Amino acid sequence: VASMEALSGGWCSHQAVVGIAGEQARGDLGQLVVRSQCDDRGELADVTIGDMVWSLRTAPPTAASAQPGGAPSPAIALQQSGREERALSPQRAADIVRAVACSVCSLKGNKASSPNQDRALCASLGGGAIGVLAVMDGHGETGHVVADVVCRSLPKLLLRLLFQASAASPRSLDVGLGGQQRPRGEASPEWWREATSTAYQHMHSLLSACTSQNASVGAQPVFAAEGGPAEASIDARNSGTTATVVLLLPGQRLLVSHVGDSGVILGVRQRARGRPQGPPPWRVALLTRDHKPDLPEETARIELAGASVVQVGQPPHITHRVVSTHQTWPSINMSRSLGDLHAHSQGLSSVPDVALTEPMWDPAEQEAVVIAGSDGLWDVIMPEAAVELASMAQEQGIDAAAVLAKEAYNRWMRRGLQGSYSDDISVIVKFL
């Protein structure tokens, strides 16, 4: 029920936005609380961009022939206004994301049989206290439908469960990992991890329930993809999506969660401050790992379910896939996802990797950038090169995400694959 409410509702209920109380300057996570941005009449007061509650997500056409390869996806931008969300014009949306040093780009791959199945989202909540970045990479015949539903629902569900977990935690008896007692009033990282994992599993359960409902004789389609035909209802039997969500928290902390192979990196470097030789090089940290079937712990779970992991292809294009005897559905090349109900009977998992980081940079002395992308980006551009390209684009006043996506597409073309194949490419760049 909570999953369905999160999908159909706005970012916040009861005219409120999610904020974080406590010593934000000191970096304490504190307690998630509800903080209203409405005036006495229940209407959104005049606020600056930094105070707005807004979201922007890509919304490609759902017909495979609607876009050529390399075409950028349109986006939907919304602002929370009282009890409702209202659409923002493309120019207003562009001004907002530029003002917060964020950029989003999604390009359709060269795949004649399917539309762009990626989805990307960025949002600012709680007067800028929390930022949300999310990338979903759908696969299978209706993978774009699954990715669209997850993009619209999972971040909201995650925030709701984090609020509930934080509000219910017994702070006076709070004990940290390893048995250390934590300061009174500081939320336990373990509760945040458990709430995040629960959100992903609830999302997967929603996809399963909707698939079952839509498969019933005479049933009405449930949650059709936005902008698509009514019959494009959720069928997650042979289709699914990756899901990667980053929460940008006060105190230079990140909550990173994911299933699949849509990755996130963080680049940090010292500020130049008049150095004649320019700023020092970026230090790049990988914040996610690809969930592939050949990882030992993933293989063990798959084999325990009675399936096998096989190697497919020739160097340098080798993949590992999950297969079973007498399998009647397409094999999959990842070990965790949302949807893919048949493959989940073979040991796939919807349980995410979750990391709640300590402060990772000092804004007084350092600059930082987060880049999230689908594997259409990371299959052809190394993390260090991605940070350098994004940094140069930012310095020149150019859309960093668009630069990265276009460069990735050109590299796919230079590979010379059959039919000039390119994967869908989605990129979010956020300078911090």
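Predicted model: local features only at pLDDT ≥ 70, side-chain atom pairs only at ≥ 80, totals over all residues.
Partly exposed here means a relative accessible area between the 20% under which a residue is buried and the 50% over which it is exposed. Ser-420 has 39%, so it counts as partly exposed.

**The nonpolar core**
- The largest nonpolar core is made of 40 residues, and Leu-154 and Leu-247 have the most contacts inside it.
- Helix H3 (143-168) is one of the elements that supply at least two residues each, and H3 gives the most, with 13 residues.
- Another helix on that list is H4 (189-215), and the strands that also supply at least two residues each are S7 (118-125), S8 (130-139), S10 (243-249), S11 and S17 (353-356).
- In general, nonpolar side chains in soluble globular proteins tend to be buried together.
- Leaving aside residues up to four places away in sequence, Leu-154 touches Met-136, Ala-199, Tyr-200, Met-203, Ala-243, Val-245 and Leu-338.

**Val-259, in strand S11**
- Val-259 sits in S11, which spans residues 253-259.
- Its relative accessible area is 0%, so Val-259 is buried.
- Beyond residues up to four places away in sequence, the contacts of Val-259 include Tyr-200, Thr-242, Ala-243 and His-291.
- Val-259 also touches Arg-336, Ser-337 and Leu-338, plus Ser-350, Val-351 and Pro-352.
- Tyr-200, Ala-243 and Leu-338 turn up among the contacts of Val-259 and among those of Leu-154.

- You'll find Thr-288 in the loop that runs between strand S13 (283-286) and helix H5 (296-304).
- A polar atom of the Thr-288 side chain lies 3.0 Å from the backbone nitrogen of Val-264.
- Val-264 is also one of the residues that Thr-288 touches, along with Val-256, His-258, Ser-262 and Gly-263, again not counting residues up to four places away in sequence.

**Cysteines**
- How many disulfides are there? The count comes to 0.
- Cys-122 is in no disulfide: the nearest cysteine sulfur belongs to Cys-102 and is 3.9 Å away, whereas a disulfide needs the two sulfur atoms within 2.5 Å.
- Cys-122 is buried, given its relative accessibility of 1%.
- Cys-105 has a relative accessible area of 10%, so Cys-105 is buried too.

**The second largest pocket**
- This pocket has a volume of about 610 Å³.
- It is lined by 29 residues, and the closest to its centre are Ala-94, Val-97, Ser-103, Val-104 and Asp-399.
- Two or more lining residues come from each of strand S3 (54-58), strand S4 (75-81), helix H2 (90-99), strand S6 (102-107), H9 and S19.

**Positive phi outside glycine**
- His-326 isn't a glycine, but its phi is positive, at about 60°.
- His-326 belongs to the loop between strands S15 (319-323) and S16 (338-339).
- Is His-326 buried or exposed? At 75% relative accessibility, His-326 counts as exposed.
- Ser-420 likewise has a positive phi, near 55°, in a residue other than glycine.
- The loop that holds Ser-420 runs between helix H9 (400-414) and strand S19 (425-431).

Terms used: Residues numbered from 1 in each chain as written. Heavy atoms only, no water. Helix = DSSP H or I, 4+ residues; strand = E, 2+ residues; numbered from the N terminus. Buried < 20%, exposed > 50% of the residue type's maximum accessible area, 1.4 Å probe, protein only. Contact = heavy atoms within 4.5 Å. Polar contact = N/O pair within 3.5 Å; in protein donor to acceptor, adjacent residues only side chain to side chain. Core = buried A, V, L, I, M, F, W, Y, C linked by side-chain atoms within 4.5 Å. 1 Å grid on protein atoms, 1.4 Å probe; cavity = no way out; pocket = protein on both sides within 12 Å on 5 of 7 lines; lining within 4 Å. Points joined across faces, edges and corners; volume = space filled by probe spheres on them.
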